[in-house]
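Here are my comments on the model, as numbered points. Please read them with the structure open.

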Amino acid sequence: MLGAARRQLGSGPMLGQVLRRLRPAAAASTEATRGYSAGAKEITVRDALNSALDEEMSADPSVFLMGEEVGEYQGAYKITKGLLDKYGPDRVLDTPITEAGFTGIGVGAAYQGLRPVIEFMTFNFSMQAIDHIINSAAKSNYMSAGQINVPIVFRGPNGAAAGVGAQHSQCYAAWFAHVPGLKVLAPYSSEDARGLLKAAIRDPDPVVFLENELLYGESFPVSDEVLDSSFALPIGKAKIEREGKDVTITAFSKMVGYALQVCSAILGIQCGRRMPMLCCHLIFCF
């Protein structure tokens, strides 16, 4: 991405202007060229995830939640707020600090036809349960010649956040993406978070759902279609956030916002200096 900018802008002060614009962790732009809905209403990523869980639990009694502080505390990041009061302790289960234990219980429940949603307080802690995720959940469909489905979702914050230690900051997208049998999703906007979490819960196979803590409070516009209870996004299909013809940039999760800022910054400087236009083609990879 920066290489393309250097080829068009050189390494002088103009490139410096672009980079200075990218350094602040500002809220993502909401320009109309994005591919997600431009509805009048805005919701946060946190509320998008909460509403997706609520609607899928209401529609399917086999869906239940399990993890540390998902119930009485309303979730460490308030993603599960209100769900314990609505669905009760049989479907919103607070667990001890034992990722290996409650992940194994979730996988076993999925074997029996239930649809668990397992929350990790951070995906760094999923390493405690890696055997259940990879050797049990991911491989059972292959090893049973398709006779066993494992409809389970592993979700929680992933990657760097603000002011947390190294044990809370690693991104595991590449790790899980290299495991046969796992579907890995890393949403950016509220529409992505809502539509993909619904699709993940409905999917017959294990899904790793990687959220970004810094995006929970970000608001994005959504359409009436997105807010409909039947809404879901297809798994495995990338989304074009912005069309162009010169450069293709791929990104996922929070980096989609920075990639959009790169495009806007380059275009803004070029327009001001009357330079040849560099048109970015941005693809959001789920």
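Predicted model: local features only at pLDDT ≥ 70, side-chain atom pairs only at ≥ 80, totals over all residues.

1. **N212, contacts.** Start with N212. Leaving aside neighbours within four places in sequence, this residue is in contact with N158, A160, S253 and K254. N212 sits in the loop between β7 (207-211) and β8 (219-222). The side chain of N212 also reaches the backbone nitrogen of L214, at 2.9 Å.

2. **N212, setting.** Is N212 buried or exposed? The relative accessible area of N212 is 8%, so the residue counts as buried. A161 is 51 residues from N212 in sequence, yet the two C-alpha atoms are 7.6 Å apart in space.

3. **Confidence.** The average over the protein is 83, and 79% of the residues score at least 70. Residues 1-35 have a pLDDT below 50; the model still gives this stretch 58 contacts beyond near neighbours in sequence. Residues 271-278 are also below 50, with 19 such contacts.

4. **Aromatic pairs.** How many aromatic pairs does the whole structure hold? The search finds eight. One of them joins Y172 and W175 edge-to-face, with 5.1 Å centre to centre and 85 degrees between the planes. Y172 is buried, because its relative accessible area is 5%. W175, at 47%, is partly exposed.

5. **A pair linking distant parts of the chain.** Y188 and F220 also form an edge-to-face pair, at 5.1 Å centre to centre and 70 degrees between the planes. This pair links distant parts of the chain: Y188 lies in the loop between β6 (183-185) and α9 (190-202), F220 lies in strand β8, and the two are 32 residues apart. Both Y188 and F220 are buried.

6. **Ring cluster.** Which residues do ring pairs link into a cluster? They are F102, F120, F123, F154, Y172, W175 and F176.

7. **Charge over a ring.** K78 lies over the face of Y73. The distance from the ring centre is 3.6 Å.

8. **Cysteines.** The structure holds zero disulfides. What is the setting of C171 and of C263? C171 counts as partly exposed because its relative accessibility is 37%. C263 is at 0%, so this cysteine counts as buried.

Definitions and conventions: Residues numbered from 1 in each chain as written. Heavy atoms only, no water. Disulfide = S-S within 2.5 Å. Buried < 20%, exposed > 50% of the residue type's maximum accessible area, 1.4 Å probe, protein only. Helix = DSSP H or I, 4+ residues; strand = E, 2+ residues; numbered from the N terminus. Contact = heavy atoms within 4.5 Å. Polar contact = N/O pair within 3.5 Å; in protein donor to acceptor, adjacent residues only side chain to side chain. pLDDT = per-residue confidence, 0-100. Phe/Tyr/Trp six-rings, centres within 6.5 Å; stacked < 30°, edge-to-face > 60°. Lys NZ or Arg CZ within 6 Å of the ring centre and 35° of its normal.
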